[in-house]
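Here is a friendly walk through the model shown below. Have the viewer open as you read, and follow the topics in order.

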Amino acid sequence: MTDSSASVPNGGSPYRVLARKYRPARFNELIGQEAMVRTLGNAIATGRLAHAFILTGVRGVGKTTTARIIARALNCIGPDGRGGPTVEPCGVCENCIAIAGDRHVDVIEMDAASRTGVDDIRELIEGVRYRPVMGRYKVYIVDEVHMLTKNAFNALLKTLEEPPSQVKFVFATTEIRKVPVTVLSRCQRFDLRRVEAAELIGHLAGIAQREGARVAPEALALIARAADGSVRDGLSLLDQAIAHSGAGEIDTRAVQDMLGLADRVQLFDLFELLLKGDAAAALDLFAGMYGAGADPIALLQDLLDLTHWLTRLKIVPNAPDAALMPEAERVKGGDMAGRLSMGVLTRAWQMLLKGLGEANQAPAPKVAVEMLFVRLAYAADLPTPAELVAAIKSGAAPAPTAVPATTPALARPAVASAPGPAPPRGAGSGGWSAPQPDMPPEPVAADAAPSIVLESFRQVVALFEARRLASLHGHLVNNVHLVGFRPGHVAIRPTGRAPANLAADMAAQLTRATGARWIVSVSGEPGEATLAEQAATKTLALRREAESHPLVRAALDAFPGATIQRVHGPGAESPDDAPPPEPDDDEA
Ligand SMILES: [Zn+2]
């Protein structure tokens with residue numbers, strides 16, 4: 001095949017980019033499009049040719065290449081000049097040669113991306129009424145056909161409705177959904193699929209060999225993955241790699257550098273550290289990236305992009321644009337999207353967005369970014385608004401919170417991990433420990449491991465909630481005064497509304513959950529206020545405190561424009577007539 005275009009001088013001999021040099025001239029040279037080739041071949045062999053074809057697929061899979069092969073197949077007359085349309089154009093007849101050289105008078109190409117208007121289309125199809133000059137058919141190839149204006153489509157439609165017998169249209173598009181149905185319904189459609197990495201690796205290896213370039217198999221795999229289904233991108237990357245490497249072997253490291261892959265890996269790592277709450281490691285990594293020349297502002301934008309992508313991936317795991325990412329990132333991203341809750345992702349987004357604004361204003365962006373990272377890592381330990389809402393609704397977490405208007409409705413199905421000052425771990429285990437009104441329940445594993453350890457009454461309540469023991473959970477929140485607690489033994493004073501078998505039920509469930517014996521005794525001591533009452537009595541104070549509460553400050557910080565609308569507390573709407581709380585500190 002002859003191809004005189006896109007020549008780059010290279011030491012005297014004309015250099016053609018690989019994508020042009022190795023452009024397929026026959027259907028059987030197309031990579032990974034066997035299904036399409038088979039269908040098209042059948043249509044040609046049986047003479048049932050549509051007047052219009054539409055080829056769709058992501059960029060670089062070979063749509064325009066296929067269109068040109070179709071033009072050849074339709075116009076080939078064979079070496080002897082007497083052949084008909086064929087699945088295997090000969091490549092040597094005048095039509096084949098002229099089409100390969102982009103100079104066949106009857107094969108007219110138009111890029112609709114640059115010529116979108118009705119006049120462009122009129123000009124194009126004006127020649128439709130004239131007979132072909134040298135070929136069998138006039139073939140109109142319209143690339144990116146979805147870019148045409150509505151009027152242009154209408155003009156085209158008239159011709160499509162009554163096409164002259166010697167005219168064929170071949171449309172190509174990356175966005176088939178933007179093509180009007182009226183047009184689609186008059187076309188035979190072919191979907192060109194993304195080329196599998198393994199197929200692409202084989203293809204690239206063959207071409208590298210023919211080019212005399214030595215490429216490590218791993219490096220080839222990296223290129224194929226980055227090309228992500230696009231033969232053209234793969235060849236273009238191979239081109240670059242060969243240019244980079246000179247005469248030596250192209251190794252993994254060189255390709256990683258070329259693709260900026262190391263940076264991407266670090267970006268994922270940084271994001272993970274921040275959302276894990278590891279501020280020290282995140283700052284350390286950031287310092288390394290900054291030292292290597294990373295721009296703090298650009299880094300924030302990359303993190304925003306990553307957050308957006310992960311969020312989308314979570315909602316639509318198989319979205320077409322998710323498939324545009326390189327395979328390695330897709331796998332890693334899928335894993336992260338699965339592990340991170342929607343609340344965490346949206347909070348990260350808002351904090352990053354706000355931080356980007358600040359960093360843009362800051363005299364020293366690096367410092368602003370560091371401060372943002374500290375805030376992000378700190379926020380990792382806080383429940384998301386959705387989790388707060390869930391915890392508060394369940395009555396497990398009497399904590400104040402600002403409720404932003406745009407709280408995502410998706411909560412992690414986690415056991416309430418409520419906000420509040422962190423208590424010293426294990427405080428009071430061994431003897432009776434006084435119920436601590438502010439003490440949040442520790443997160444408890446949802447499924448009962450025999451080793452489950454409950455160190456507070458609130459943990460017990462949280463466990464019952466996690467196990468969906470709704471009735472038991474409700475009574476413990478509303479109708480039980482805690483008199484004393486130590487692992488294995490709870491003393492309670494049920495109110496008149498509690499069922500008679502509550503203590504026995506509780507003991508049975510606790511024993512079952514922990515695998516250890518639990519005793520629940522009923523006491524005559526007044527004990528604590530119920531959890532619901534504790535929340536109710538705190539509501540007013542909470543409202544006053546809310547503004548200065550570190551959690552709320554963090555929430556307000558994380559959600560620009562958020563205001564405190566209501567302060568929630570369990571039981572705030574159902575006050576009991578029980579006495580105010582009387583904490584009894586040392587019962588044992
Ligand atoms: Zn031919």
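This is a predicted model, in which local features need pLDDT of at least 70, side-chain atom pairs count only at pLDDT 80 or more, and totals for chains, interfaces and linings use all residues. Residues are numbered from 1 along each chain as its sequence is written. The chain holds 23 helices and 10 strands; these are DSSP runs numbered from the N terminus, with helices (H or I) of at least four residues and strands (E) of at least two.

**Overall picture**

- Of the 588 residues in the chain, 39% count as buried, where buried means that 20 or more other C-beta atoms, placed from the backbone, lie within 10 Å of the residue's own.
- Among contacts with a separation of 6 or more, 72% come from residues 24 or more positions apart; a contact needs C-beta atoms, placed from the backbone, within 7 Å.

**The five-stranded sheet**

- Five strands make an open sheet in the order E4-E5-E6-E3-E7, with parallel pairing; two strands pair if DSSP finds at least two bridges between them.
- At its edges are strand E4 (107–111) and strand E7 (188–191), each of which pairs on one side only.
- On average, neighbouring strands of this sheet are turned by 15° against each other, direction ignored.
- Five bridges join strand E3 (residues 52–56) to strand E6 (residues 167–173) in the parallel sense, and Leu55 has Ala172 in E6 as its bridge partner.

**The three-stranded sheet**

- A further open sheet has three strands in the order E8-E9-E10, and its pairing is mixed.
- E8 and strand E10 (519–522) stand at the edges with a single partner strand each, so one side of each has no neighbour in the sheet.
- Neighbouring strands here are turned by 25° against each other on average, direction ignored.
- Strand E8 (residues 480–486) is mostly covered, with six of its seven residues buried.
- E8 pairs with strand E9 (residues 489–494) in the antiparallel sense over six bridges, and Gly484 stands opposite Ala491 in E9.
- The hairpin of E8 and E9 has two residues between the strands, and Gly488 takes a positive phi near 95° there.
- E9 and E10 pair in the parallel sense over four bridges; Val490 has Val520 in E10 as its bridge partner.
- Helix H21 (residues 502–514) lies across E9 and E10 and runs at about 165° to E10. Such angles run from 0 to 180 degrees between N-to-C directions, with axes fitted to C-alpha atoms, for helices over the stretch in contact.

**Helix pair H16 and H17**

- Helix H16 (residues 342–361) packs against helix H17 (residues 365–379) at an angle of about 160°, their axes 9 Å apart.
- That makes the two helices H16 and H17 roughly antiparallel, a term for angles over 145 degrees.
- H16 passes H17 in a right-handed crossing, meaning that the near helix is turned clockwise from the far one by less than a right angle.
- Residues of H16 that meet H17 include Arg347, Met351 and Glu358, while those on the H17 side include Val369, Leu372 and Arg375.

**Helix pair H19 and H20**

- Helix H19 (residues 457–466) and helix H20 (residues 470–478) pack at an angle of about 150°, with axes 8 Å apart.
- That makes H19 roughly antiparallel to H20.
- Val461, Phe464 and Glu465 in H19 meet Leu472, His473, Leu476 and Val477 in H20.

Conventions
Angles under 35 degrees count as roughly parallel, over 145 as roughly antiparallel, 65 to 115 as roughly perpendicular and the rest as oblique. Two residues are in contact if their C-beta atoms, placed from the backbone, lie within 7 Å. A residue is buried if 20 or more other C-beta atoms lie within 10 Å of its own, exposed if 12 or fewer, and partly exposed in between; C-beta atoms are placed from the backbone.
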